[in-house]
Amino acid sequence: MVSAILALCLIGLGQIYSTTSPAGGGASSIFYTQIWAILLGSIALVVALSVDYRSLADKSHFIYIAIVLLLMGVLAFGVIRGGSRRWIDLGPLNLQPSEFAKATLALVLAKFFGESRRGVITRVDFAIAAAIVALPLLLIAQQPDLGTAVTLVPVLFAVAFVAGMPMRIFGILAIVGLLAAPIAWKFALQDYQKERISTFVNPSQDARGAGYQQIQARITVGSGGPFGKGFKGGTQGQLRFLPVAHNDFIFSALAEEHGFVGVVVALGLYLFVILRSLEAAKLAKDRLGAYLVLGVLASFTFQVIYNITMSAGLAPVKGLTLPLMSYGGSSMIATLAGFGLILNVRMRRFTN
Amino acid sequence: MVAPTEDRRRISARVGVLQGGVIVFFAALAICFWVLQVVQTDKFVEMANSNYQRTLALRAPRGVLYDRDGRVLVENRDSFTISIDRESAKDLDRTVGMAAEVLGLDRDQLKQAVDRHIRSEPAYRPIIIVQDASLQQVAHALSRQRELPELLIEEVPTRQYPSEALAAHLFGYVGLASEKQLGDGINQGAIVGQQGIELTYNKVLMGRDGVRRVVVNSLGREIGDPLEEIPPVEGNRLQLTIDYDLQKAVEDSFKVAADTGLTDAGAAVILDPRTGEVLAFTSQPAFDPNAFASGVDRATWSALTGDELRPLNNRALQGRYSPGSTFKMAVGLAALEEGAITPDFTVYCGGGANFYGRYFKCWKRGGHGRVDLNHAIEQSCDVFFYTVANMIGVDKIHKWASLLGLGEKSGIDLPNENVGLVPSTEWKQRVMKEKWYAGETISVGIGQGAVSVTPVSMAVYAATLANGGTRVTPHFLKAVDEGNGWEAIPAPPPHSKVALNAKKLQAIRDGMWGVVNGGGTGGRARLEGYDVAGKTGTAQVISNEGRVAAARSGKDLRDNAWFVFFAPRDNPEIAGVVFLEHGMHGPNAASVTRHILDTFFAKRDKRPVPPPPTAEMMRFDFSDSFPLPPRRPRPSLRQPDRTVAAR
C-alpha cells in the first residue's frame with residue numbers, strides 16, 4: 001500500500017515536472033517544492049504511524065482546538081491569493097491549515113463515536129458530531145474555500161454511517177438537503193460559485209470564461225486518446241490552454257500525455273489504496289480504529305472522485321486538488337499524515 | 001450494551017457497502033474516460049489541434065493585366081492590414097480603445113465596425129480594422145506590440161488600378177467574397193472580382209492563397225517555427241486587347257466634354273472590326289476601382305450609389321438609348337438587301353411627308369429636295385427613310401438590324417450586359433398583345449419609337465458594316481500566361497455572318513463617307529487621308545409634346561448624341577461608337593471621336609501620339625432652344641479614405 005501511495009506521488013511529480021517545466025527545459029521551482037513536500041509528508045507519515053492512534057485520539061480535542069485557532073488565525077492574518085485567504089505565511093513554506101482539519105476531524109469524530117457506549121447512534125449524537133464538523137467548516141467557508149469545506153462533510157457521514165447511524169436519519173437528511181438547496185442557491189452561494197454551477201449545466205454559454213476550463217478539460221482528456229501524446233508532448237497542458245495543469249487539472253494533463261492507459265493505471269492505484277484502507281477498517285481492533293480509518297479515507301475518497309470527474313469535464317469546476325498528485329505542500333503533508341494514521345490502525349490491529 | 005462481535009459485524013457490513021460503492025464509482029469513471037479517450041478521441045484531437053494550431057492565409061496576388069502592347073494596366077502593390085485577433089484579446093473593449101488610440105481612429109466608429117464583425121463572423125477569424133494602413137499606423141502598431149499582442153499586422157497584396165479611374169468599368173473591382181460566391185475554391189475571406197474583367201476572369205486571375213500553420217500558446221503568441229508553409233501562387237497574367245493610348249485618348253476626349261459642361265455621361269466602345277477585339281472601352285462618369293481594392297468605406301460607397309448620374313452603371317453595356325439617325329444605315333441596308341430599292345432609288349423631300357394620315361417632319365425645314373440613298377445618309381434625310389421604312393415594313397428592318405447586331409446582346413466578356421430592342425410585329429404581339437400598326441414603322445425608320453440600343457451593340461453594328469457582314473463578338477482577352485509564357489487566346493466565333501452584296505454595301509459606306517468628308521453632319525470627325533466613314537445621331541429623350549410639360553422638372557432633357565464610325569472606308573481597321581448622354585447634337589459626338597481616330601492612326605503609322613485635345617479643338621455646339629439644366633457640381637474622384645476601412 002505504501003508503494004502504491006508513493007507511485008501516485010511520483011506520477012504526480014512527473015506531471016508537475018512536465019507541465020511546469022520552463023521553456024528552456026529543466027525543472028521548475030514548483031517541482032522542487034513538491035519534492036520537499038513529499039519528503040516532509042513521508043516524515044509526517046512516519047510520525048503519525050509511530051504514535052499509537054489511541055493516545056492520539058485521547059488528545060484529539062487539543063488538536064481540534066489548535067486547528068480551530070489556526071483557522072481563525074488564517075482569517076485574521078492569512079495571505080490572500082486568488083481572492084481568498086487560505087494560507088499562513090511561514091517564511092519558506094505557506095501553511096494551509098484547512099488541509100489538516102480533515103485528519104483532525106477524523107480523529108475527533110472517531111473518538112466521539114468510538115467512545116459512545118451504545119451501538120446505535122441517536123439523533124443527539126449526530127447533532128453533536130455535526131456541530132463539531134460545522135465549526136471548522138464554517139471557518140473554512142469564510143476564507144472562502146468552499147471546496148475544502150465541503151470535503152469535511154463526507155467525514156461526518158462516513159463515520160456516522162459505519163458507526164451505525166440508522167438509515168432513517170440519512171433519509172431525513174437527504175430530504176432536508178434537497179429542500180434546502182434552492183435556499184442555499186439564493187442566499188449562501190457567492191456569485192462566482194453560482195456561475196460555475198450554471199456554466200457546468202451549459203458550458204458553451206460562456207466559452208471564454210468559466211465554461212472555458214470545463215471545455216478545455218474535456219478536450220485535453222479526449223485528445224489524449226488511448227495511449228497519450230507522450231511525456232511533455234501534451235499541447236493542451238504545455239501551451240496553457242488547460243489552466244492550472246499542475247494543480248486542479250493534473251489528472252487531465254496525465255490523461256492527455258499518457259492516454260487511457262495512464263488513466264487506468266492511476267485509477268487502479270487509487271482504487272487499490274482506498275480498498276486496502278477500507279480493509280484496514282474492517283480489520284481494526286476497535287471501533288475507534290475503524291472510525292478513524294473511515295474518517296481519514298472519506299475526505300480523501302470524496303476528493304479523488306470529485307477531482308477526477310472534474311478533470312474529465314464532467315463536474316463543475318471547483319478548486320479541489322487531487323490528493324497525492326496535485327501540487328500543494330500542505331495537502332501532500334496532511335494526506336500522507338492521514339495515511340500514516342490509517343497504517344497506524346492497520347499495524348496495531350493485533351496489539352493491545 | 002451491544003456485544004463487540006455484533007459491533008464488528010455491522011462495521012464489516014457497512015464498510016463492505018462503502019467498498020462496493022467506491023468500486024462502482026471508479027468503474028463509472030473508467031468508462032467515462034474510455035468514452036472520451038477512445039470512442040470520441042478523434043473529435044477532441046481535432047479540437048485540441050485547432051486550439052494550438054493557427055492557420056494564417058497568405059493572400060495570393062491577382063494576375064497582372066497588360067494592354068495589347070504589353071503595358072501594365074492593373075498590378076498589385078503591397079499594403080498592410082491591421083486586424084484584431086479576437087481569440088487572444090482578453091478584453092475586446094480595452095483592445096478597441098487602445099487600438100483606436102494607437103492607430104488614430106475614431107473609437108466609436110471602430111467599436112461599431114468591430115461589433116458588426118463579431119455578430120457575423122466566426123471568432124477565429126481576425127477582424128480587420130485598417131485596410132491599407134499608412135506606414136505611420138504600422139509603425140505605431142509595431143511599437144505597441146508588447147501591450148497589444150492581439151493586434152496583427154499583415155502584409156497583403158492589394159490591387160492597384162490606373163489613376164483617374166481609367167477604364168474603371170472595364171476592369172471592374174475586387175472585394176470580399178460574399179456568402180453566395182463561396183465554394184469552388186473560394187474560401188471565406190477571399191478577395192474576388194466583383195465587376196468587370198475582374199469578375200469575368202476571376203478564376204484565372206485569382207491565383208491560389210498560401211497557408212502558414214503555426215503553433216500558438218493560449219495567449220495566441222506564435223511559438224517556434226511554422227508547422228507548414230505553402231507559399232501563395234500568383235494569379236495568371238492576362239493580356240487584354242485594350243490599347244492604353246487609345247483608351248487614354250477616349251477618356252481625354254470625354255474629359256473635355258465634361259470640362260466644357262457639355263455632359264458628364266456617356267460611353268464609347270472601339271473595336272477592331274476584323275476580329276472584334278475591343279481597343280478601348282469607357283463608360284462615364286466612372287469611379288475609382290482603387291477605392292474598392294482595400295474595402296470601400298461607407299462615405300465613398302454612399303457617394304457612389306447616391307450620385308444621380310449613377311457612376312457604377314456601365315452605360316456601354318447597360319444603357320439603352322434610342323439610336324436616332326445612326327439607325328438609318330440598317331434601314332437602308334434592309335431595303336437594298338430585300339430588293340425594295342436600288343442605290344439609285346430617289347425620294348423627294350419637301351421638309352416632311354404624310355403617312356397614314358399623319359404628317360412626319362424632316363429635321364431640315366424646307367427639305368432636301370430629291371435625294372438618293374447616298375445623299376440621304378450624308379444629309380440624314382428623314383423623309384427618305386420614312387418612305388423606305390414604309391416600303392419594307394418593320395419585320396424586314398428587324399431582320400437586318402438584328403443581323404447587324406442591333407437589339408441583340410453583343411456577347412462581350414463583361415457581366416450584366418443588357419439587350420436593346422428593335423421592334424417587330426411578333427414582338428408587339430407577344431409583349432403588348434397588340435397588332436403592329438403600319439404607321440408605327442415610320443418613326444422606326446429614323447431610329448425613334450420603340451427602338452433602343454446599347455452602345456456596345458452600336459459598336460458591333462459599326463464593325464459589321466465595316467467588315468461586310470460578320471457580326472463579330474467583342475472581347476477583351478488576347479493572351480494568357482499560365483506560367484509557361486504567353487499563349488494567344490483565339491477570338492470567340494462571330495455570332496453571324498451574312499454575305500452582304502458588295503455594291504449595295506458600298507452605297508451605304510459611301511453615304512457614311514460623305515457624312516464625314518462630304519457636306520454631312522460628321523465633318524468634325526474628318527481626318528485628312530484616312531477616309532473616315534461615320535454617321536451622327538441626335539436622339540430625342542422625350543417627345544416634342546412632352547418637352548414643354550417636363551421642362552420645369554429640372555431634368556436634363558437635352559438630346560443624346562451619337563457617332564458611329566469606321567475607318568478607313570475601304571478595308572477598315574477601326575470601328576466603334578461614341579455616345580454622349582445629353583450631348584445635344586450628333587456632331588458633338590463626332591468631335592469627340594476625332595481625337596480617338598487621330599490617336600489610332602498616329603500609332604498605326606508610328607507617329608507620336610497627339611496631345612490631349614482642348615475645348616477649342618472640340619468646337620462643341622451648345623445651340624439649342626432647350627435650356628440647360630442647372631449644373632450640379634460633381635464629386636471629384638478622390639483617393640479612398642484610408643482610415644476606417646471595415647465596411
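**A hairpin and its neighbours**

In this predicted model, start in chain B, where strand β22 (residues 560-567) pairs with β23(B) in the antiparallel sense, over seven bridges. The two strands make a hairpin, with six residues between them. Look in the turn for Asn571(B), which has a positive phi of about 55°. To get your bearings on the pairing, find Ala567(B), which stands opposite Ile574(B) in β23(B).

Next, a pair of helices, still in chain B. Helix α13 (residues 328-337) and helix α20 (residues 502-517) have axes that come within 9 Å and cross at roughly 155°. That angle is over 145 degrees, so α13(B) counts as roughly antiparallel to α20(B). The crossing of α13(B) and α20(B) is right-handed. If you want to see who meets whom, select Met329(B), Gly332(B), Leu333(B), Leu336(B) and Glu337(B) in α13(B), then Lys504(B), Ala507(B), Ile508(B) and Met512(B) in α20(B). By class, the residues of this contact split into six nonpolar, one polar and two charged.

Over to chain A, then. Chain A has 14 helices and three strands. Of its 352 residues, 51% are buried. Take the contacts in chain A with a separation of 6 or more: 72% of them come from residues 24 or more positions apart.

Finally, bring the two chains together. Contact between them involves 38 residues of chain A and 33 residues of chain B. Which helices of chain A each supply at least two residues of the side that touches chain B? They are α7 (146-162), α10 (210-224), α11 (235-238), α12 (250-283) and α13 (287-311). α12(A) gives the most to that side, with twelve residues. Sorted by class, the side of chain A that touches chain B has 22 nonpolar, eleven polar and five charged residues.

Key: Residues are numbered from 1 along each chain as its sequence is written. Chains are lettered from A and ligands numbered from 1 in the order in which they are written. This is a predicted model: local features need pLDDT of at least 70, side-chain atom pairs count only at pLDDT 80 or more; totals for chains, interfaces and linings use all residues. Two residues are in contact if their C-beta atoms, placed from the backbone, lie within 7 Å. Helices (H or I, at least four residues) and strands (E, at least two) are DSSP runs, numbered from the N terminus. Ala, Val, Leu, Ile, Met, Phe, Trp, Tyr, Cys and Pro count as nonpolar, Asp, Glu, Lys and Arg as charged, and the others, Gly among them, as polar. Two strands pair if DSSP finds at least two bridges between them. A residue is buried if 20 or more other C-beta atoms lie within 10 Å of its own, exposed if 12 or fewer, and partly exposed in between; C-beta atoms are placed from the backbone. Axes are lines fitted to C-alpha atoms, for helices over the stretch in contact, and angles run from 0 to 180 degrees between N-to-C directions. Angles under 35 degrees count as roughly parallel, over 145 as roughly antiparallel, 65 to 115 as roughly perpendicular and the rest as oblique. A crossing is left-handed if the near helix is turned anticlockwise from the far one by less than a right angle, and right-handed if clockwise.
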